[in-house]
Amino acid sequence: MHTHGGDDFVQLLTPEGERLDHPDYPLDVTGDEVRALYRDLVMMRRFDLEATALQRHGELGLFTPIVGQEAAQIGAGRAMRPGDFAYTSYREHGIAWCRGIEPLTLMGLFRGVTNGGWNPYEHNMAIYSIVIGDHVPHAVGYAMGIQRDGTDDVALAFFGDGATSQGDVHEAFVFAAAFHSPVLFFLQNNHFAISVPVETQSRHQLVKRADGYGIPGIRVDGNDVLASLAVTRAALQRIREGGGPMLIEAVTYRMGSHTTSDDPTRYRPHDALEHWATRDPLERVLRLMEREGWADGDFIAGLDAEANAMGATLRDGTRALTPPDPLTMFDHVYAEPHQQVTDDRAFLARYLQAAPSGDLT
Amino acid sequence: MVAALNAALRASLDRDSKVLLMGEDIATLGGVFRVTDGLAKDFGEQRVIDAPLAESTIIGAAVGLAMRGYRPVCEIQFDGFVFPAFDQIVTQVAKLRVRTDGQVAMPIVIRLPFGGGIGAVEHHSESPEAYFVHTPGLRVMAPATPADAFVMLQQAIASDDPVIFLEPKRRYWDRGEVDLNVDIAHATLMGRARVTRSGSDVTIACYGPMLRTCLEAAEVAAEEGRSLEVVDLRSLSPIDFPTLVASVERTSRLVVVHEAQGMASVGAEIAAVIAERCFWSMEAPVIRVAGFHTPYPPNRLEQHYLPDVERILDAVDRSMAY
């Protein structure tokens, strides 16, 4: 089936590193801007390697690799304004990076010392949503709040091709359309929901669903950071000006596993990695910079040193993340005291005191 | 009671501009039970929102509104329609505060007309409270009288915790004195039970639609020379065990009454806790009078399913027989 294939998407930078023009999505970028985007991509790829290695060393229970999807996320993330608010799934490390969340902060969830990790209001990004599609209605509700506040902020919902089969995602589209809410649905089609291919989620291109809800949809090369940036920027501008909700389908490919517990060799077509490697999100930016004379040896070496430093910080910091005091599990279950929680907390406190951990058999 | 709830919503909308109402048919129609009658006209469609017919996103959108600083009050039209929203309630509404170390508040009220006895078609007479009582992070409240409905709904809306607010639909048309000038801050505290009728032989614990039935049973029992103490729980999460324990220590006997199925129910939890805390005071085991372990039956059979005065008195007899 080829309905999901084809290159009928917005592309501004070919896999060979050639700039393309697009009548609807013009993008003027300077060497500095491209270098900054490349830095983001390199840091994300290194983060992915380091976190995967930490899991293999037993320092993380699990990790969800981003490899292959860096451009879609960095392009979208860099198009956002500080006042915009992102709701994401658990693979959106690139969005977190763009929202100023330190890579080490993401490790708490995967190391099992927190179920969240950051204050959403400090970064205007909700904590990762694990249940597929649950957060998409939240973005719509947040956008309904923006409407009532009368600002021109936008709420963004990041989700994958698998999530499009969830009822909540359908409902979110319906609400957003009904209320003309300032929300951008950013769909990363990475071709798999764990093992199930996108063809099982939809018989035709997912972007076409937008039409059914009466909202505009755009299909973009998700491995092209310039296209992702330009299309997201244009969509956000349209939404800010009162244009209502929009859908972007970023066509990309999950080059890694679903999680570090997964074995993609059981379901991934044997030549898929080879094919998608020729469309690598980083390689094409490097070629562009070389072509334009924007990246010299010092820049590349400096980036390498920065990535090494980030890796070292991540490794040391992750190992230093220790479980919190057991009694903290009772904090914040309720805003106001709840007798059941108070009683259970008192029980565990007494129990731990009577039989300190390690003495139990 | 409908008018009391309407007045509570109106007072809350007046008091706090962040309060919003959202639900199916609540604006133009005023709700199928007319609880929101007239509110859209007075507060506008930005604050009283007719939602698309999608329960899960009524709650899911409320989560996003709460994160933006609003206090959504959602109406789920009937008890049996809450299940499409179940995931959003237990996975998101109940957990977001703790998952964000207290940074994100979820001041959401989910109004749920519940219970049977009105001859409704299936899925319109259910009592799903145990699912929510079982879920940490939620508060569950069930008023039994118009006066409590007026106070408790305002308390629920003012709370920074999410509240499942169970409205006893067969008591919607009950009349009762309501003090509209009651100071909410000094009313009976949220989470407290109330001894509605004092007695000495058996404690009857109940809530919502069963309070009136239990008070009727107490009247009949009194004629037979038995003194029943009726405790209206009012709150199901938390359950006010201190009030209940004090009552049982006086009477030595407890019967718990609710419409919901008895298996793994609020009554089951109460029986377990009272057995733990009142073991040496008890003259009889806790007896439950509850719905049966069947789906809610066709309405022509509901009088056999729902606890009534006779079944409550039968339980009292069994308790007294020990």
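Here are some questions and answers about the predicted two-chain model shown above.

This is a predicted model, where local features need pLDDT of at least 70 and side-chain atom pairs count only at pLDDT 80 or more, while totals for chains, interfaces and linings use all residues. Residues are numbered from 1 along each chain as its sequence is written, and chains are lettered from A and ligands numbered from 1 in the order in which they are written.

User: Which helix gives the most to the side of chain A that touches chain B?
Analyst: Contact here means that C-beta atoms, placed from the backbone, lie within 7 Å. The contact takes 34 residues from chain A and 34 residues from chain B. On the chain A side, α5 (120-123), α6 (135-149), α7 (167-179) and α14 (339-354) each supply at least two residues; helices (H or I, at least four residues) and strands (E, at least two) are DSSP runs, numbered from the N terminus. With 10 residues, the top contributor is α6(A).

User: Is B:Asp101 buried, partly exposed or exposed?
Analyst: B:Asp101 sits in the loop between α5 (96-99) and β4 (109-114) of chain B, and has a positive phi of about 50° without being a glycine. A residue is buried if 20 or more other C-beta atoms (placed from the backbone) lie within 10 Å of its own, exposed if 12 or fewer, and partly exposed in between. B:Asp101 has 18 C-beta neighbours inside 10 Å, so it counts as partly exposed.

User: Which helices of chain A do the buried residues of α4(A) pack against?
Analyst: Helix α4 of chain A covers residues 103-111, and its buried residues include A:Leu106, A:Met107 and A:Phe110. Just after α4(A), A:Gly112 takes a positive phi of about 85°. The packing partners are α1 (31-56), α3 (93-98) and α13 (297-319) of chain A.

User: Where is B:Pro238 found?
Analyst: The peptide bond from B:Ser237 to B:Pro238 is cis, with omega near 0°. As for its place in the chain, B:Pro238 is in the loop between β10 (235-237) and α9 (241-251) of chain B.

Terms used: Contact = placed C-beta atoms within 7 Å.
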